[in-house]
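Dear colleague,

Please find below the structure that I am handing over to you. A short account of the findings follows it.

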Amino acid sequence: MQKQISALNFVAMLMFFWATSVWSQTPKPSTASPAPATQPSKPAESVNPADTRPAATQPMPQMAASSVAPDYRIGPGDTLQIFVWRNPELTQTVPVRPDGKISTPLVEDMIAVGKTPSQLARDIEVVLAEYIRSPQVNVIVTNPVSAFSQVKVIGQVTTPQSLPYREGMRVLDAILAAGGLTEFAAGNRGKIVRKVDGKDTELRVKVDDLVNKGAMNQNLELKPGDVIVVPQSFF
């Protein structure tokens, strides 16, 4: 009988230790604070598929300021801006070649020498009309350097030379730039040689009265290509 009770006590003790072991291995509930809720991501901006506007509009090139008179005759070496309205890809700045011609997109080897800017613009429009509708062209002389843009002062002046023409230039401007008259000058027999319709014409000008007496009625306005001639006096 005692043996049976001892056996039962032994089994009870085994059951107690087994239960204790199982309870110790059971995971405890976490006491850590719960993780914050994840913020919802910002929805992407919607794109309207019907919006066909370009990302950026290509700006039109700016027209340069003209440095010559409207009747200026284009010459070799001049720099021209060919401005084609609403066609920036055709707007170009080009030099006039020694052969007197220019080349731009769609317009090759066009004669420019001897034409005014407006005449050249109309000629370019005729060629461009074969490719684009109603072209509008402006030609700006941005750097006039040819002989057509100069005024020459020769004869009895201190420093005979060629002078760059500028708008509103007059005889007195040119004579003073050339250093004035020499002591041997016959200033009142001076003249301006000017080409008109391809022919040389002469305008008499009393340079001596202009310089020494202030006769401003002799201060004639000059044009590109003019030649002022001051002859020598005869004794």
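There is one aromatic pair in this structure, where rings of Phe, Tyr and Trp (its six-membered ring) pair if their centres lie within 6.5 Å. The rings of Phe-83 and Trp-85 have centres 6.4 Å apart and planes at 40 degrees, so the pair is tilted; planes under 30 degrees apart count as stacked, over 60 as edge-to-face and the rest as tilted. Phe-83 is buried at 4% relative accessible area, whereas Trp-85, at 43%, is partly exposed (buried is under 20%, exposed over 50%, partly exposed in between, with a 1.4 Å probe and protein chains only).

Please note that this is a predicted model, in which local features need pLDDT of at least 70 and side-chain atom pairs count only at pLDDT 80 or more, while totals for chains, interfaces and linings use all residues. Residues are numbered from 1 along each chain as its sequence is written, and side-chain values use heavy atoms, with hydrogens and water left out.

As to the sheet, three strands form an open, antiparallel arrangement in the order β2-β1-β5. Strands are DSSP runs of E of at least two residues, and helices runs of H or I of at least four, numbered from the N terminus; two strands pair if DSSP finds at least two bridges between them. β2 (92–95) and β5 (137–143) are the edge strands, each with a single partner, so one side of each has no neighbour in the sheet. Strand β1 (residues 79–84) pairs with β5 over six antiparallel bridges, and Leu-80 has Val-141 of β5 as its bridge partner.

Yours sincerely
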